[in-house]
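Please keep the sequence and the model in view while reading.

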Amino acid sequence: WPEQLTVVQSRHSYSAALATMMLARVAARQMTFSGLRPLAAVGGAGLARRAFAASPLEATAKLYEDLVDKSVKEFQANQKVVAADLDAEIANSKVVLFMEGTPDAPKSEPSLNVVKMLTEAQVVPLTAVDVLAHPAILGYTVSKTSKRRAPHLYVNGSFYADYDGLMAQHATGQLAKALGTESTKSTGVFGGELPIATY
């Protein structure tokens, strides 16, 4: 019995010591509102200013603009081959979506939203091209549309709309009227509903 008491007490003191040590670490890592923190937490002495981006959104937008600029240059360097392949894809398909990612794995919120809108309107058949698969693909669609932000939708061989245009058409119901189909929707009790996957 006394031996068990000793074990419980030593566990309690270990937990208390661990909690004290964790609090000390948190206190050492806390930052003041001016962005200063003790260098002792990282092995130095004194204070240092931690650098933050002015705005994460601005930094991300700048990265995307750099990507678009590099993509356009890549397209221009390989214009003959890339344009021939992608022009043929657009000409041979009724609806082509140039998006970031694929319909089952979009890599941006605008691409995800466009896939949702096209699914709701039942725009089929649809060919999707991942603009992030190669920089020249993004450069191609940016050069062709003069719109720097994907996704871009092409219908019957010509540019139809970008994200903002598709959002506006979806909000008014024009997207479903212009490109959608009712033949793929359910009939009977669930008439007019989107079909349920049976895989």
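## Overall composition

How many helices and strands does the protein chain have? The protein chain contains seven helices and eight strands; these are DSSP runs, with helices (H or I) of at least four residues and strands (E) of at least two, numbered from the N terminus. The model is predicted, local features need pLDDT of at least 70, side-chain atom pairs count only at pLDDT 80 or more, and totals for chains, interfaces and linings use all residues. Residues are numbered from 1 along each chain as its sequence is written, and side-chain values use heavy atoms, with hydrogens and water left out.

Of the 199 residues in the protein chain, 28% are buried, where buried means under 20% relative accessible area, exposed over 50% and partly exposed in between (1.4 Å probe, protein chains only). Taking contacts (heavy atoms within 4.5 Å) between residues at least 6 apart in sequence, 57% join residues at least 24 apart.

## Confidence of the model

The predictor's confidence in each residue, pLDDT, runs from 0 to 100. Its mean for the protein chain is 79, and 67% of the residues reach 70 or more.

Where pLDDT is low, the predicted coordinates should not be read in detail.

## Helix α2

Helix α2 comprises 22 residues, 56-77.

Which residues of α2 are buried? They are Tyr64, Val68, Ser71, Val72 and Phe75. Seen down the axis of α2, these buried residues fall within an arc of 100°, so they line one face of the helix; the arc is that of the directions from the helix axis to the C-beta atoms. The buried residues pack against α3 (79-92) and α5 (135-145). On the other side of α2, the exposed residues include Glu58, Lys62, Lys70 and Lys73.

## Two buried loop residues

Val131 is located in the loop between β6 (127-130) and α5, and is buried at a relative accessible area of 1%. Beyond its neighbours within four places in sequence, its contacts include Phe98, Met99, Ile137 and Leu138. Val131 and Phe98 are 33 residues apart in sequence, yet 6.1 Å apart in space, C-alpha to C-alpha.

Ser93, in the loop between α3 and β3 (95-99), is buried with a relative accessible area of 14%. Its side chain makes a polar contact of 3.3 Å with the side chain of Thr127. A polar contact is a pair of N or O atoms within 3.5 Å; within protein, one must be able to donate a hydrogen and the other to accept it, and residues adjacent in sequence count only if both atoms are side-chain atoms.

## Backbone features in loops

The peptide bond from Val124 to Pro125 is cis, with omega near -5°. Another cis peptide bond joins Ala150 and Pro151, with omega about 15°.

Gln122, in the loop between α4 (109-121) and β6, has a positive phi near 55° and is buried. Ser146, in the loop between α5 and β7, has a positive phi near 60° and is exposed at 63% relative accessibility.

Conventions
Expected span 1.5 Å × (residues − 1).
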